[in-house]
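Hi everyone, thanks for coming. Please have a look at the sequence and the model on the screen, and then I'll walk you through a few spots.

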Amino acid sequence: MRKLIFGMNLSLDGYIAAPGDDLGWSVPSDELFQWWSDRVGATGLALYGRKLWETMSSHWPTADQQPGATPAEIEYARRWRDMPKVVFSSTTSTVDWNTRLVTGDAVTEITRLKAEDGGPMDIGGATLAGAAMRAGLIDEYVLVTHPVLVGGGTPFFTALDSWVDLNLVKTRAFPGGVVLTRYETRR
């Protein structure tokens, strides 16, 4: 059975994007960027909602070919292209870069994917992750908290029908006051 992990950068007040989908506050240090790159390298399958897919696929497929691309960006771009991905969308018609499109019920498909053998699955995108949270499918939460208050935007956590008890597994500090906390769902 595969583990499902929801990890994102978030503001101290709990948002993954500020109003207007502004991500300017979450620019990672070199050390944090490498940590994210290593996560992509260790991911067995990435699950994306449409908006996050559009953001990622508009940059990373060719980021290693851009003038001035750093060795870390080149490595991340390669890892991202090679990583198997599933995009959940009812409006997107084509995907590329080692990606499969699912237009049906996300919770049903995520449940099926979790039952398979394979490496860990990362889930990204507030709407998609929210559906998985409400269905009790997320096994681990990885919060990379930046020391900024953005006052609104896209929240990391969705409204839930009941509590989800968690166990703290790891903490780590990064430059700039960024703190990683990793929690496993207590079942």
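Predicted model: local features only at pLDDT ≥ 70, side-chain atom pairs only at ≥ 80, totals over all residues.

Residues are numbered from 1 along each chain as its sequence is written, and side-chain values use heavy atoms, with hydrogens and water left out.

Back to Ser 89, which sits in the loop between strand 4 and strand 5. Helices (H or I, at least four residues) and strands (E, at least two) are DSSP runs, numbered from the N terminus. With a relative accessible area of 8%, Ser 89 is buried; buried means under 20%, exposed over 50%, and partly exposed in between, using a 1.4 Å probe and protein chains only. Leaving aside neighbours within four places in sequence, Ser 89 is in contact (heavy atoms within 4.5 Å) with Arg 50, Leu 101, Val 102 and Thr 103.

Further along that loop, between strand 4 (85–88) and strand 5 (99–102), we find Trp 97. Its phi is near 65°, a positive value in a residue other than glycine. Asn 98 lies in the loop too, and its phi is near 60°, again positive in a residue other than glycine. Trp 97 counts as partly exposed because its relative accessibility is 31%. Asn 98 is partly exposed as well, at 45%.

Now for helix 2, residues 50–57. Which of its residues are buried? They are Leu 52, Trp 53, Met 56 and Ser 57. These cover an arc of only 120° around the axis, so they are on the same side of helix 2; the arc is that of the directions from the helix axis to the C-beta atoms. They pack against several elements, including strand 1 (4–11), helix 3 (71–82) and strand 6 (121–124).

Finally, let's zoom out. The protein has five helices and ten strands, and buried residues make up 43% of its 187 residues.
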